[in-house]
Amino acid sequence: MRVIAILQARMSSTRLSKKVLKPILGKPMLTLQIERLNRARELDNLVVATSEGADDDAIEDLCRTLDVDCFRGSIDDLLDRYYRAAKPWNPEHVVRLTGDCPLTDPRLIDAVIALHQKGEFDYTSNVSPPSWPDGLDVEVMRFACLEKAAKKARLPSEREHITFYFTKRPDEFRLGNLEGERNLTHLRWTVDQAEDFELINEIYEELYPDNPEFTTEDILSLLDARPELSTLNAGVMRNKGHLKSFEADKEFLGKTENP
């Protein structure tokens with residue numbers, strides 16, 4: 001059963017420019033995330049999906065250095081980029097990951113994939129509803145469903161966020177969700193702002209030198225010992241980028257309803 005992961009990454013982030021290649025302990029942040037992803041046992045392959053923009057030549061160069069497959073597609077139509085990145089591999093299932101999550105948990109990825117396959121779901125995640133820290137998001141979908149979404153999705157939010165097409169249609173798709181044992185959604189481990197990067201850098205400096213394979217439990221133990229770290233980015237809103245997409249939907253619908 002072929003499962004591939006598509007890791008979206010770009011240099012042109014509006015909130016923290018070139019964040020995916022910002023160095024942590026002398027390594028690009030994206031390199032550290034790929035190190036963690038390579039420990040996921042249920043993934044048959046990993047493809048980094050970046051844009052065709054000149055700024056993202058650096059991402060392709062890094063992938064070449066790391067011997068990781070790289071696909072380049074639309075900078076704005078992420079759904080099309082994902083679909084075309086996955087298609088040549090003829091997978092049964094596709095895992096969606098984002099390049100601003102350097103604390104990604106390979107064991108959690110394996111657990112979501114296992115639930116997806118056991119439940120025979122069309123789409124499975126750990127974010128509907130969320131219970132894990134922001135930054136440990138995992139989404140798995142059947143390739144056939146990704147193909148359907150790529151051909152039928154029209155709203156800007158569905159083209160940008162890829163899996164909205166599934167989550168908004170529970171009557172059409174079988175949806176699964178892996179919930180954690182406790183609610184950790186107050187923790188933010190993704191990188192959108194400078195405050196986020198400061199936290200991630202602190203975590204890596206504390207844990208990585210002694211144990212490059214540090215786990216989610218190790219991070220939680222560190223935060224228990226140093227609770228001030230979690231306050232570094234406590235004021236940053238979760239999924240702030242969704243708001244912009246919803247505004248684009250309103251504009252799109254207004255134009256289609258009033259041509």
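Author: In the largest nonpolar core, which has 50 residues, Val95 and Trp189 touch the most other members. α8 gives this core its largest share, six residues. This is a predicted model, where local features need pLDDT of at least 70 and side-chain atom pairs count only at pLDDT 80 or more, while totals for chains, interfaces and linings use all residues. Numbering runs from 1 along each chain as its sequence is written, and side-chain values use heavy atoms, with hydrogens and water left out.

Reader: What makes a set of residues a nonpolar core?

Author: The members are buried Ala, Val, Leu, Ile, Met, Phe, Trp, Tyr and Cys residues, joined through side-chain atoms within 4.5 Å.

Reader: Which residues make the contact?

Author: Leu30, Thr31 and Ile34 from α1, plus Ile59, Leu62 and Leu66 from α2, with contact meaning heavy atoms within 4.5 Å.

Reader: And Val68, why does that count as buried?

Author: Buried means under 20% relative accessible area, exposed over 50%, partly exposed in between (1.4 Å probe, protein chains only). Val68 has 14% relative accessibility, so Val68 is buried. Val68 lies in the loop between α2 and β5, and touches Ile34, Leu46, Val48 and Cys63, leaving aside residues up to four places away in sequence.

Methods:
Helices (H or I, at least four residues) and strands (E, at least two) are DSSP runs, numbered from the N terminus.
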